[in-house]
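The sequence and the coordinates come first.

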Amino acid sequence: MCRHLAYVGPPLAIGELLFDAPHALCNQGCAPREMVVAKDNPNGWGVAWWDPGAAEPHHYRTTARMWEDDGFRSGEQPATTILGAVRKASPNTTLESVNNAPFVAASRLGALAFSLNGHVFHASCAARVRAAIPPEVSIVGNTDSEAVFAIIRAAIASGSNAAAAVAAAHHVIAPNHEVYVNLLLATRDEIVATAWQHTLYVRHLDDATTVSSEALDSSPGWVRVPDASLLVANRDRVTTTPLQGLQ
């Protein structure tokens, strides 16, 4: 369910990742190569991006199929951080733009953008996730993605850094072998992601890092993130840590 990507580095035209690369997000939406639970992602898409030097991101979401959408006009805009996602809706969620990633919110770390690739309202973990949603964090839609984002935001508000907050949310979910779930969070300067039974790739070149559900091209720079890993990246470095045991 879903494909997503994030970038941090020197200014890059948004459309290069969304539409122009050989296996850009749009291609991953309509013809994914490594998605295990569906054949495509027809339920809309979205993107958040930071202009060079900006503190707040732009935000675009729609229920239109990404490969049919003619409403996005910012492909040529340069951005230093990008988070994009194309949606295959989780069961029992409605097809509204408010339910599409990325979700964006303010935090004490600055603006956050978030996407979920997977399904955490699975019978094995839904009760835990719902019980962990803090009452003080507002939720607009009815998706599991927004529920997990609420848990991450609450952890950050309580003092966690971005990596610790994402790891904490993963441990609330506590996914088993039946649950496929990758989390992806971006601040203006950092990407945090998890890999749990869904593919995730990273490419770090000079002063830029790209993370994506599937490699955007055939260049040798792409490395698959090990399963059950937490990835933390900025424009200078990438680190991966086993998820098991992180609290």
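At what angle do α4 and helix α5 pack, and how far apart are their axes? In this predicted model, the angle between α4 and α5 (residues 162–173) is about 135 degrees, and their axes lie 8 Å apart. Angles over 145 degrees would count as roughly antiparallel and those of 65 to 115 degrees as roughly perpendicular; the two helices are therefore oblique to each other. The crossing of α4 past α5 is right-handed.

**The helix pair**

The contact between the helices involves Val148, Ile151, Ile152, Ala155 and Ile156 on the α4 side. On the α5 side, the residues they meet are Ala162, Ala165, Val166, Ala169, Val172 and Ile173.

Helix α4 covers residues 144–157, which is 14 residues. From its first C-alpha to its last it reaches 20 Å, close to the 20 Å expected at 1.5 Å a residue. Of the 14 residues in α4, 13 are buried. Gly159 follows α4 and has a positive phi, near 120 degrees.

β12 and β13 are joined by five bridges in the antiparallel sense, and Leu231 stands opposite Thr240 in β13.

Strand β6 (residues 112–118) contains Ser115. The relative accessible area of Ser115 is 1%, so this residue counts as buried. Leaving out residues up to four places away in sequence, Ser115 touches His4, Leu83, Ala85, Ala101, Asn182, Leu183 and Leu184. Val179 is 64 residues from Ser115 in sequence, and their C-alpha atoms are 16 Å apart.

**The seven-stranded sheet**

A second open sheet has seven strands, again with antiparallel pairing, in the order β3-β2-β4-β1-β10-β9-β11. The edge strands β3 and β11 (223–224) each have a single partner strand, so one side of each is left without a neighbour in the sheet. Strands of a sheet pair through backbone hydrogen bonds, either parallel or antiparallel.

| Strand pair | Bridges and sense | Facing residues |
|---|---|---|
| β2 (residues 45–50) and β3 (residues 58–62) | five, antiparallel | Trp45 and Thr62 |
| β2 (residues 45–50) and β4 (residues 78–86) | six, antiparallel | Val47 and Gly84 |
| β9 (residues 201–205) and β10 (residues 208–212) | five, antiparallel | Tyr201 and Ser212 |

**Backbone exceptions**

Most residues other than glycine have a negative phi, and most peptide bonds are trans. A few positions depart from this pattern.

The peptide bond from Ala101 to Pro102 is cis, with omega near 0 degrees. Pro102 is in the loop between β4 and β5 (103–105). Ala101 is also among the residues that Ser115 touches.

Ala174 is not a glycine, yet its phi is positive, at about 45 degrees. This residue lies in the loop between α5 and β7 (181–186). With a relative accessibility of 40%, Ala174 counts as partly exposed.

Ala228, also not a glycine, has a positive phi of about 60 degrees. The loop that holds Ala228 runs between β11 and β12 (229–233). The relative accessible area of Ala228 is 24%, so it is partly exposed.

Methods:
Residues are numbered from 1 along each chain as its sequence is written. This is a predicted model: local features need pLDDT of at least 70, side-chain atom pairs count only at pLDDT 80 or more; totals for chains, interfaces and linings use all residues. Side-chain values use heavy atoms; hydrogens and water are left out. Helices (H or I, at least four residues) and strands (E, at least two) are DSSP runs, numbered from the N terminus. The expected span of a helix is 1.5 Å times one less than its number of residues. Buried means under 20% relative accessible area, exposed over 50%, partly exposed in between (1.4 Å probe, protein chains only). Two strands pair if DSSP finds at least two bridges between them. Axes are lines fitted to C-alpha atoms, for helices over the stretch in contact, and angles run from 0 to 180 degrees between N-to-C directions. Angles under 35 degrees count as roughly parallel, over 145 as roughly antiparallel, 65 to 115 as roughly perpendicular and the rest as oblique. A crossing is left-handed if the near helix is turned anticlockwise from the far one by less than a right angle, and right-handed if clockwise. Contact means heavy atoms within 4.5 Å.
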